[in-house]
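Biologist: I would like to go through this model with you, one region at a time. Shall we begin?

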Amino acid sequence: MFTPSELLEINQLLVPENKIVILTHYNPDGDAIGSSLGLKHYLKAKGLEAEVVVPNDFPKFLKWMPEAKKNIIGEYKRKVAFDIINEADVIFCLDFNSPARIGILGDWLMRAKAKKILIDHHQQPEDFDFVYSDTVIPATCQMVYHFIEAMDDEKLVNQDIAECLYTGIMTDTGGFRFRSTSATTHRIVANLIEKGADPSVITSNTWDTNTVSRLHLLALILGRIEVVNDGKVAVLYLTRKELQEYGFQKGDTEGFVNYGLSIVGVRMAAFFMEDLYEDFIKISFRSKDDVDVNQFSRKYFNGGGHINAAGGKSMESLPETLETFKKRVAEENL
């Protein structure tokens, strides 16, 4: 957590005359959107206005959250996003550890005169004016809740804040399944439920949103899932042609990698997907126990994240990437 003196400085920055902006990472997920909107609603409860700016669009299944549709999407409104960041006095940086993680917004962030406040749970954070980094905490939404507590403002948590923070914690813990989910996490979730977060409604709004195209894609990859390295590693993939054929929309493949990890004996799963527009492969890694996909991704696939959940990227073709991956997991004996 921020030190008491840092909290005092931050509190002095949170005044109506200061322009406050909230940024999160490229391809925003539930924790990114939930933490950004949760913080926005907290600031609103304090009588402050804040703008949320995201680098690119985010899945429809996250747009039910209060004021989600008011987010400024940088890829659609570049000048608006630039002006907001350039004119900001305070910028909260949520759920990313480096300006490189927010695309073109990163260049604007680095040049901005604003005080920059990082709240994030990824490893190896870069320098910001104020840094609250904790890799043990399973979701940035939980960290935002701790920040609200540290500001002695827990009484301000309302239904809007609770719904947003609950969503991010739920999604980033895989429905409270991951090892990083702690007793503290569950206590916070209980508090959020008491403040108005309805688990059944949030779960339905976020996860019961399958489209026919998503189910077709899921059936396709499950029909050819491959298990390698003596049954310890699951491999899933989709080609650009397949995405186009089934009318892929952003968010359709969310959670696909977890199906590989659900196989008995599998300790690591990797999902490879050709980008729709550019020549690279997007990779999602998940693992169990002490299998460190963060280090694996950093070492071989230009990525990173958490011990049990990480992302990566390959500039090779899909067949070449799959061969490279199988070779590397064999070498590492994962």
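Biologist: Is Ser287 buried or exposed?

Modeller: Ser287 is buried, because its relative accessible area is 6%; buried means under 20%, exposed means over 50%, and partly exposed lies in between, with a 1.4 Å probe and protein chains only. This is a predicted model, in which local features need pLDDT of at least 70, side-chain atom pairs count only at pLDDT 80 or more, and totals for chains, interfaces and linings use all residues. Residues are numbered from 1 along each chain as its sequence is written, and side-chain values use heavy atoms, leaving out hydrogens and water.

Biologist: Where does Ser287 lie?

Modeller: Ser287 belongs to strand S10, residues 281–287. Strands are DSSP runs of E with at least two residues, helices are runs of H or I with at least four, and both are numbered from the N terminus.

Biologist: Which backbone oxygen does its side chain reach at 2.6 Å?

Modeller: That is the backbone oxygen of Val291. A polar atom of the Ser287 side chain also lies 3.3 Å from the backbone oxygen of Ile307. Polar contacts are pairs of N or O atoms within 3.5 Å; within protein, one must be able to donate a hydrogen and the other to accept it, and residues adjacent in sequence count only if both atoms are side-chain atoms.

Biologist: And what is Ser287 in contact with, leaving aside neighbours within four places in sequence?

Modeller: Its partners are Leu261, Arg267, Met268, Val293, Ile307 and Asn308, where contact means heavy atoms within 4.5 Å.

Biologist: Changing topic to helix H6: how many of its residues are buried?

Modeller: In H6, 12 of the 14 residues are buried, among them Cys164, Tyr166 and Asp172. These buried residues pack against H2, H5 (140–150), H7 (183–194) and H8 (199–207).

Biologist: What caps its N-terminal end?

Modeller: Asn158 does, with a side-chain oxygen 3.2 Å from the backbone nitrogen of Asp160. Just after H6, Gly174 has a positive phi of about 60 degrees.

Biologist: Which residue other than glycine has a positive phi near 50 degrees?

Modeller: Asn27 does. Its place is the loop between strand S1 (20–23) and helix H2 (30–45), and Asn27 counts as partly exposed because its relative accessibility is 29%.

Biologist: What about Asn229, buried or exposed?

Modeller: Asn229 counts as buried, at 17% relative accessibility. Asn229 sits in the loop between strands S7 (226–228) and S8 (233–238), and its phi is positive at about 55 degrees although it is not a glycine.
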